[in-house]
Amino acid sequence: MSKSSPGLVYDPSGVFLPQRGLAPSDLDAVREPLLAARKEMLETDLSLWSSGGAVPAAKQPLDAGFHRLPERMLESYRKDRDKSELGRILRVAAKLREEVDRVVLLGIGGSYMGAKALMEACCDPYWNERSRAHRGMYPRLYFEGNNVDNDSSSALLDLLQSGPKDSVEGAWGLAVISKSGGTLETAIAFRQYLRALEQSVGGDKEKLARRVVPVTGTSGKLFDLSKAIGCPEIFEVPDGVGGRFSILSAVGLLPAALLGLDVLRLLEGAVQMNDRFASEAPGENPVLDYVAVCRQMEVLRGADTRVLSVWSKSLESTGLWYDQLLAESLGKHEQGALPLTVVNTRDLHSRAQQHQEGKRDKLFTNVILENWKWDPLPVGKSERNQDGLNDLADKTLPEVMRAAIQGTNEAYRLDGRPTADIRLPKADESSLGQFFQMMMLATVLEGRLIGINPYGQPGVEAYKKQMNAALGRK
């Protein structure tokens, strides 16, 4: 079990069950292969990526750039704040939020999921409904370009056009994120929202250019379009960083900065996890231990459904971000566990029956917050005790949540349903940085362990090809 620390804790003790779970010796059996896979990541992969040399066919593509990206971003910022990418991100975000009260983020998959996870975890749950003053003058943030849903996009366009025309409260801008600019959903949305934004600024080309912030590759359709618009700043999706591994690049940092989040602490949390991954031994290393448990539960117990039970609504999009990471990285060659995010206690009233008494093909990993942002809310005493809750009057919602977690874990234990816990100090930038980096490292580590290249997405490319064919496009 990982030792307690001021940061993220991984505790797999609920997995050690007779017959249905694992024995400590089961984890010992995978210790040496795991250490070899870690060495491959820390030495071979990083060396090949950083040297720019020829990459063997078995390792292509090799998008290992995410691994040391947090260190590189922080080092560059500390050397030259103004010229560093992080300094540019903070400067552009500050300028845009002074000019607009709404920003629409256009992107799909890894181009938006990390930003949505950060917003939901770190911001007020009703952020977009709060006044500008209550939000500290930071903008509302909306997400589109991740689907081709006619009504959703039409409604947002209508909302954007409904504000006062001559004030910051009615002004809006675009952050468009796509490495190639060729992803159809995002490209279509950008065309539509760019047209609406041009109308909103009265055809003012300079204002239009200021209110569009692209994050893309150094070439491609979106890059060319951004140049044609005259965007003063174009941020880069780094080479060697795939979309689902890009949350700690400008892809996630720009939206986070727009919302006023502490991007330095986010990156520092990721660096902390990198250090632990590289130095800590099995039994103390959350990345190694997580992969060992997940892999052995799948191989020895047939648990090929991995349920991530998040015990806070604020972490739902964090779970969905991980669903995509795992599914696209390891769902290849007729392999790969099925990821499933549930939000508890909410989903105990829809999923618990199956999870408690259904097929024994699941490993449950709880994601638990040790501390809440708001003061504990008591149940409260009432003269109207028809609900019979006065015996709980002095209890608070965090106490009820702890009882629900304890009760669920105990029920699963009694029925031989293995569980593990990931405990986060709170839903903040540091904790999220640790979590995101842990899960990215773990996904690549498992891929190296089982001989699957965790990078690339051939299945998604096939869908794109067939979609274009159905539209009559070559």
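This is a predicted model: local features need pLDDT of at least 70, side-chain atom pairs count only at pLDDT 80 or more; totals for chains, interfaces and linings use all residues.
Figure 1. Turning from the surface to the interior, 53% of the 474 residues count as buried.

**Figure 2. The whole fold at a glance.** Here you can follow 17 helices and ten strands along the protein chain. The radius of gyration is 23 Å, close to the 23 Å that the globule rule gives for 474 residues, so the chain is as compact as a globular protein of that length.

**Figure 3. Contacts across the sequence.** This view is about which parts of the protein chain meet. Taking contacts between residues at least 6 apart in sequence, 75% join residues at least 24 apart.

**Figure 4. Where helix α2 meets helix α11.** Two packed helices are described by the angle between their axes and the distance between the axes. For α2 (residues 31–51) and α11 (residues 263–279), the axes come within 10 Å and cross at roughly 125°. The two helices are therefore oblique to each other, since angles over 145 degrees would count as roughly antiparallel and those from 65 to 115 as roughly perpendicular.

**Figure 5. A closer look at the α2–α11 contact.** Still with the pair that crosses at roughly 125°, look for R38, M41 and L42 on α2, which make the contact with F277, A278 and S279 on α11. What kinds of residues make up this contact of α2 with α11? They divide into four nonpolar, one polar and one charged.

Conventions:
Residues are numbered from 1 along each chain as its sequence is written. Side-chain values use heavy atoms; hydrogens and water are left out. Axes are lines fitted to C-alpha atoms, for helices over the stretch in contact, and angles run from 0 to 180 degrees between N-to-C directions. Helices (H or I, at least four residues) and strands (E, at least two) are DSSP runs, numbered from the N terminus. Angles under 35 degrees count as roughly parallel, over 145 as roughly antiparallel, 65 to 115 as roughly perpendicular and the rest as oblique. Contact means heavy atoms within 4.5 Å. Ala, Val, Leu, Ile, Met, Phe, Trp, Tyr, Cys and Pro count as nonpolar, Asp, Glu, Lys and Arg as charged, and the others, Gly among them, as polar. The radius of gyration is taken over C-alpha atoms; the globule rule is 2.2 Å times the number of residues to the power 0.38. Buried means under 20% relative accessible area, exposed over 50%, partly exposed in between (1.4 Å probe, protein chains only).
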